[in-house]
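Please keep the sequence and the coordinates in view while reading.

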Amino acid sequence: MKIYDSLSTEYKEIDVPKVCIYNCGPTVYNYIHIGNARPLILSDLVIRFLEYRNIKYKYLLNITDIDDKIIDRAEIEKIEEEELTKFYTKAFLDDLDGLNINRPTAIIPISERINEIIDFIDALINDEFAYEVDGNVYFDVNKMENKYGNLSKQKLEELEVGNRVEEDLNKRNPFDFVLWKKTEKGKKWLSKWSLGRPGWHTECALLIDSFFKYPIDIHVGGIDLKFPHHENERIQYLAKNSREITNVWMHNGHLSIDNVKMSKSLNNTILVKDFIEEYGNNTLRYMFLNTNYKQPLNITKDLIEHSQEWCQKIQNILKQVNWMQRVGDISFNNQTPIDDDFNSYKYMTKFRTYFKDDLNTPMIITLIDEMSKNLNKQIRSKVVDLTYEKLIKILRVLGFKFEIKDIDNKTVKKITEWKKLVAEKNFEKADKLRDELKKENII
């Protein structure tokens, strides 16, 4: 497939027998919000497509369970850090299930890799890309000045201290960043430099270095992480290994709520668990898929309502074909979908073409709409071809989760009775039976 690379600003072809993917996971001090869900669903789309094409993959997601935010939250709640991170790690995994996201090959909490991180930092010091001052270790940006800033398209001289750059008098250069932090606060580990804990930017570089051994094919993440996190992650790996960390940087766009950028500091985030409870996981997935992943997305009430209506439309078509076929109102002919001139619609070919074109999901949504219109015509003609089967396949690859119930003989009798009451114009009893069938999610 062809994917846009944020580093080269070019489209790159991913054509390898086994695709290696990494995604930055959450810092587990709170529930994730729908902005956090966008790169997770993006990664899920990629691996579902790889599975559909029978292409092997290796997908790693990290868990940041060491962080100042965790320490501060644990102090506020008066509990141990481990108790806090255990609770929110489980909440995160529950949200993955709620979003119908396939589990990665591995999910690694960074606290399990401290010794490897120490060795990684030590290697950077030995190669003079990092230095120690009073128990703290910093990456020396000047040693990679020609490479630093390439991902975020920024130059060192244009950066400002205080603008996402932490001020620290121990640094040789204001833009150097912490690899190991000496601290007396919170959980800490013993290294040759001090009692402390690793810096955030090192964990992803280390995990990719140790888990994959070689540069990966796709690194997924939100565009808000491009600087400084991904920039600092990339430069460490590059310094240690003299090669890029990934073939493709795949960044998704920002989320806004009513034209205001979603931010915890602005207190305008929507938690994943709350969104799913109120609107369902299909609604969120449709909102993301109906916009190109690279583009910013503005969440509004109208957008949510439109997304719900679309999902309900698809659900209704699937249910209608299901129950009508079961009671004999329509039949399946298992023929390839063709138009009036006997030309094949080639739905799956179009789907693969759109997907391989930098995940052109808006065009896939348009394709699904075309298939839905075709199915509605077939329902009226009482004969359904393979459009139905292909629609279900595409929806599954996209990660939608529409319930299609197995209809037992008892339910068949109920549907038949309902249709009979309608034909007899006994609408009061018919409506009562219809409500029962709707409640059972049959019609």
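Which side chains meet in a salt bridge at 2.7 Å, N to O? In this predicted model, the pair consists of R73 and E77. Both residues belong to helix 2, which covers residues 68-77, and they are 4 residues apart, or about one turn of the helix. E77 has a relative accessible area of 33% and is therefore partly exposed.

A second salt bridge, with an N to O distance of 2.9 Å, links the side chains of D94 and K90. These two residues are located in helix 3 (residues 81-98), and because they are 4 residues apart, about one helical turn separates them.

The salt bridge between K419 and D329 has its closest N and O atoms 2.9 Å apart. K419 is part of helix 13 (residues 409-423), while D329 lies in the loop between helix 9 and strand 16 (331-332), so this pair ties together parts that are 90 residues apart in sequence. K419 counts as partly exposed, at 32% relative accessibility. Salt bridges with shared partners also join D44, R48 and R285 into one network. The count of salt bridges comes to 26.

Helix 9 itself, spanning residues 301-326, contains K319. Is K319 buried or exposed? Its relative accessibility is 7%, and because the threshold for a buried residue is under 20%, K319 counts as buried. Apart from neighbours within four places in sequence, K319 is in contact with Q312, E403, N441, I442 and I443. For one of these residues, N441, the C-alpha to C-alpha distance from K319 is 8.1 Å, although 122 residues separate the two in sequence.

W180 has P198, in strand 10, as its bridge partner.

The protein chain has 14 helices and 17 strands. Its domain assignment gives domain 1 (2-252) and domain 2 (409-440), and the C-alpha centres of these two domains lie 56 Å apart. The C-alpha trace spans about 90 × 50 × 35 Å along its principal axes. Of the 443 residues, 52% count as buried. Among contacts with a separation of 6 or more, 74% are accounted for by residues 24 or more positions apart. The accessible surface comes to about 21,600 Å², of which carbon and sulfur atoms contribute 46%.

Terms used:
Residues are numbered from 1 along each chain as its sequence is written. This is a predicted model: local features need pLDDT of at least 70, side-chain atom pairs count only at pLDDT 80 or more; totals for chains, interfaces and linings use all residues. Side-chain values use heavy atoms; hydrogens and water are left out. Buried means under 20% relative accessible area, exposed over 50%, partly exposed in between (1.4 Å probe, protein chains only). Contact means heavy atoms within 4.5 Å. A salt bridge is a side-chain nitrogen of Lys or Arg within 4 Å of a carboxyl oxygen of Asp or Glu. Two strands pair if DSSP finds at least two bridges between them. Domain bounds come from an automatic or database domain assignment. Accessible areas come from the Shrake-Rupley method with a 1.4 Å probe; for residues, only the protein chains shown count as cover.
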